[in-house]
Amino acid sequence: MRKRIKEPPTPVERYNTIRRYIISLLEDNALSAKDISIYLKIQEKDVSGHLEHIRKTLNKNIQHLTITPAQCGKCGFVFIKRTRLTKPGKCPICRTSLINPPFFSIEAV
């Protein structure tokens, strides 16, 4: 009986970078960091770094990253002044951790 030799799996070919994929996703939809990580099969904590870079490098005359701020699910507090792109841990008003994440999209100017 002959043993079957397994061939090593070939990686999926990517013709664009992850950031280009994120830009193309956000041009069509408003997505949270978790949604982006599911689409691209990357970790959610890596998405915020990519979004920060995208925000800095988009051509300001043509497109810009629009952020719908995170909101408390219990009291409705909106995190308007938050500059970080990650989801907050707790609400400063009611101290609950039930926070709706921020949503990101790219819009033309």
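A residue is called exposed when over 50% of its relative accessible area is open, and buried when that value is under 20%. Keep those two words in mind as we walk through this structure, which is a predicted model.

Let's start with the whole protein. It has three helices and four strands, and along the sequence they follow the pattern α-α-α-β-β-β-β. Of the 109 residues, 28% are buried. The accessible surface comes to about 8500 Å², and carbon and sulfur atoms account for 53% of that surface. Contacts also reach along the chain: among those between residues at least 6 apart in sequence, 56% join residues at least 24 apart.

Now zoom in on helix H2, residues 33-40. Which residues of H2 are buried? They are Ala-33, Ile-36, Ser-37 and Leu-40. Looking down the axis of H2, you would find these buried residues within an arc of 100 degrees, so they line one face of the helix.

What covers the buried residues of H2? The cover includes helix H1 (18-28), helix H3 and strand S4 (103-108).

One of these partners, H3, spans residues 44-57. The axes of H2 and H3 are 9 Å apart, and the two helices pack at an angle of about 105 degrees. Angles of 65 to 115 degrees count as roughly perpendicular, so H2 is roughly perpendicular to H3. On the H2 side, the residues that meet H3 are Ala-33, Lys-34, Ile-36 and Ser-37. Their partners in H3 are Glu-44, Val-47 and Leu-51. By type, the residues of this contact are four nonpolar, one polar and two charged.

Next, follow the chain just past the end of H2, to Lys-41. This residue lies in the loop between H2 and H3. Its phi is positive, about 60 degrees, although Lys-41 is not a glycine. Is Lys-41 buried or exposed? Its relative accessibility is 74%, so Lys-41 counts as exposed.

Another loop, between strand S2 (71-72) and strand S3 (99-100), holds Arg-95. Here too phi is positive in a residue other than glycine, with a value near 65 degrees. Arg-95 has a relative accessibility of 59%, and therefore counts as exposed.

How values were computed:
Residues are numbered from 1 along each chain as its sequence is written. This is a predicted model: local features need pLDDT of at least 70, side-chain atom pairs count only at pLDDT 80 or more; totals for chains, interfaces and linings use all residues. Side-chain values use heavy atoms; hydrogens and water are left out. Axes are lines fitted to C-alpha atoms, for helices over the stretch in contact, and angles run from 0 to 180 degrees between N-to-C directions. Angles under 35 degrees count as roughly parallel, over 145 as roughly antiparallel, 65 to 115 as roughly perpendicular and the rest as oblique. Contact means heavy atoms within 4.5 Å. Ala, Val, Leu, Ile, Met, Phe, Trp, Tyr, Cys and Pro count as nonpolar, Asp, Glu, Lys and Arg as charged, and the others, Gly among them, as polar. Buried means under 20% relative accessible area, exposed over 50%, partly exposed in between (1.4 Å probe, protein chains only). Accessible areas come from the Shrake-Rupley method with a 1.4 Å probe; for residues, only the protein chains shown count as cover. The arc is that of the directions from the helix axis to the C-beta atoms.
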